[in-house]
Amino acid sequence: MKVNKGTSLPFYRPLNPAHIEKIDGAARWILEHIGIKIHDRHFLELMDQGGATVDSATSTVRFSAERLDKALAEAPRKFILHSRDGLNDIRLGEDRVYFTNGGRVFRALDVNSGNYRLTTLEDVANTAALVNRLAHINFYIIACQAHDLEPEHYHLNDFYHAFNATSKHVMGGCDSLVGVQQVWDLAALMAGGEQQLKERPFFSVITNPISPLTIESNTLNILGFCCSHGIPATCAPAPICGATAPATLAGALTQMHAEALAGVAIAQIFAPGSKVLYGAVLTAMDLRTMDFTMGSVEMAMMNAAAVQLAKRYDLPIYASAGVTESKRPDVQAGSEKSFSNLMVAMAGGDCVHLAAGMLDSGNSISYEQYVIDNEILGMVQRILAGINVTEETLALSVIQKVGPGGNYVMEDHTIDHMMDEFFYPDLCERHLFDIWVQQGRPNMLSRATAMVENILEAHKDCLDPQLNSRIRSAFPGIKDV
Amino acid sequence: MAEFNALTESVIKGDIKSAVAETQKALETGQDIQSIIDDGLIRAMDDVGERFSKGQIFVPQMLRSAKTMQECMKLIQPHFKEGDVKAKGKVVIGTVKGDLHDIGKNLVSMMLEGAGFTIIDLGVDVNPEAFVEKVKETEADIMGMSALLSTTMPAMRHTIDALKEAGIRDQVKVMIGGAPVTDDFAREIKADAYAPDAGSAVIQTKKLLGLS
Ligand code: B1M
């Protein structure tokens, strides 16, 4: 199945129009009366010059309705997260749903031993290679911490190895201004110049405010760099219901919406027209124990509702789904991931991140889980594509031809439509019992293990050797994996 | 045994206003201090603990009850004679340098406070010198460090080194925690304790101070 055209999105709307207006009104009130805390004089001045209301005594920035609307009007409704080969461009704001993996974990599951280990640069390259091959993970987010790297050339290396392993769009967090500058320099060389890169940016950057209602200056440095260089970015709030956000879903949504709109507005003050995604990473605490929960069903509902709130302003959204507390690719992982991916996709989230590869509340990845989630996402895309009803698909003439008591196996109509009507899973069990036994009783996980091996074995570097040698001589800080 | 049903009820409910009023009333009517504590406050907290362990109440309620008890104790304290109660222990706590995650650290602080410890919270992105200075200044019993990034875990080691350099490593117990932190890591950097969650942090603190 191809990426859905989304003509009838959204199917799922947890909020009705009156709810949306209430939440939006409350969020705007927050921005006008409470504001966002920024502990940095330089940025407070910048916001002041940009027409926001700055209270230096409390280090807060507030937005009048007019200033907010002006900023939001400047934010692009549509833009593209480019792939390098043009085959996997992410067209935001066109009622399409794209999925991507989750980023920056610190450990990986070794399915064979059942143990976890710290992640390395090789895991960045391998997960990027997996995403490159997996059709339903539409772009790549730097998946894990490379613990074998020193901070000095950190982002030069994690982005380089991602670029070398996939030609899909690459997104990632950057720890510092120096880090994002390194990636920019690398990408500009790859693009053939800064202007070419600005025209077709093939990487983008994730930043986060700190809920409730605070943004750090390092975050603003990085966001500011992106805005002035035409790099698409998000400033995605990650409030936790019951800890850093109210325990009510509506309250958490209201605060998140204020934070997300502030991120978009601040980006426009940095540079009007900045390509910024409204960001939302809503989660909750299990208040029985105060355990952090990403895989809750409320998480799925809130992140779907967040899509509606972004669409209130026609803004493309960096939404979240596909997470679980489970420590293994198991029944819990499968059900929680399916629920949230489906719900947020049915709400029409432009890009749904965390959708693949993660386990253990976003602390861990498993290669096998990438492959399994890819299959879940393929089913979600199939659902979004809907049921095609035309004269041809109604099939009256072939029904008449076959007549009562016949069958359709060898009909032209069957052969004409078999490829585009069905999603064909690679991992799900579909054989008869005896065949299954003959095959050694495989299951989704055992098939995923084999598939991971095949993909990684067949993988070839994406960077052209000539370009690669120019990169390597220009950036001696790049390490091999 | 004196009856403090209204007080007990208010602490169980976490109703600070009415618990404080009940405590005030008890003090004014000349009730025995030890009895207000034992038959009023501690009885309430025992009940809270039992309800929590049965899953009948949740963490926010337990923390509210603990907070309510503390507010009542503030009223009672001035009535103590010298040596009547001894403070349970002082904990200097913070998220280490380079790390801005504070939800876990705050939960640990709330739980410890609820268990009767005095908390000095240094916030986030706390450099080793700031930890050392505060430990010296407050003569803390415990120094707690939280790290949520695998990349900021080395700052825990640096902070312990800074304690050594300041010559106060043996005057304070060090407890560490946070999602990427492990028991092995705690041993490696010679921290005195590791706690996987806030409940365990209370147990470890009590152990370190010989209170359990
Ligand atoms: C003293 O004794 C003790 C004893 C016990 C102690 C203790 C101390 N401290 C904790 N405990 C223990 O008791 C607590 C209660 O039971 C527990 O505390 P926890 O803190 O574990 O649990 C809390 C109750 C709930 N858990 C949390 O609050 C953390 C949740 C996750 C999702 C998380 C959040 C929310 C955030 N983040 Co961040 N974040 C993640 C987290 C993934 C995860 N599942 O943990 C993690 C830790 N973050 C990560 C990253 C990469 C980042 N984050 C960043 C930012 C943020 C937010 C601001 C968005 C937000 C923090 C808000 C805040 N006020 O703290 C950035 C770094 C900022 C910085 N310099 O610190 C940024 C770099 C993101 C970026 N832009 O690229 C990853 C770390 C990877 C690594 N290398 O280790 C990460 C695993 C998620 C991920 N996959 O990306 C125990 O660990």
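**Domain contact and ligand site**

User: How many residue pairs are in polar contact across the interface of domain 1 of chain B and domain 2 of chain B?
Analyst: Heads-up: this is a predicted model, where local features need pLDDT of at least 70, side-chain atom pairs count only at pLDDT 80 or more, and totals for chains, interfaces and linings use all residues. Residues are numbered from 1 along each chain as written, chains are lettered from A and ligands numbered from 1 in written order, and side-chain values use heavy atoms, leaving out hydrogens and water. A polar contact here is a pair of N or O atoms within 3.5 Å; within protein, one must be able to donate a hydrogen and the other to accept it, and sequence neighbours count only if both atoms are side-chain atoms. With both residues at pLDDT 80 or more, the rule finds one residue pair.

User: How much area do domain 1 of chain B and domain 2 of chain B bury between them?
Analyst: Buried area is the accessible area (1.4 Å probe) lost when two parts are put together, summed over both. Carbon and sulfur atoms carry 76% of it, and the total is about 400 Å².

User: Is the ligand site in one chain or shared between chains?
Analyst: Ser361(A), Gly362(A), Leu100(B), His101(B) and Ser150(B) come nearest among the 42 residues around the ligand (a heavy atom within 4 Å). Because residues from chains A and B surround the ligand, the site is shared between chains.
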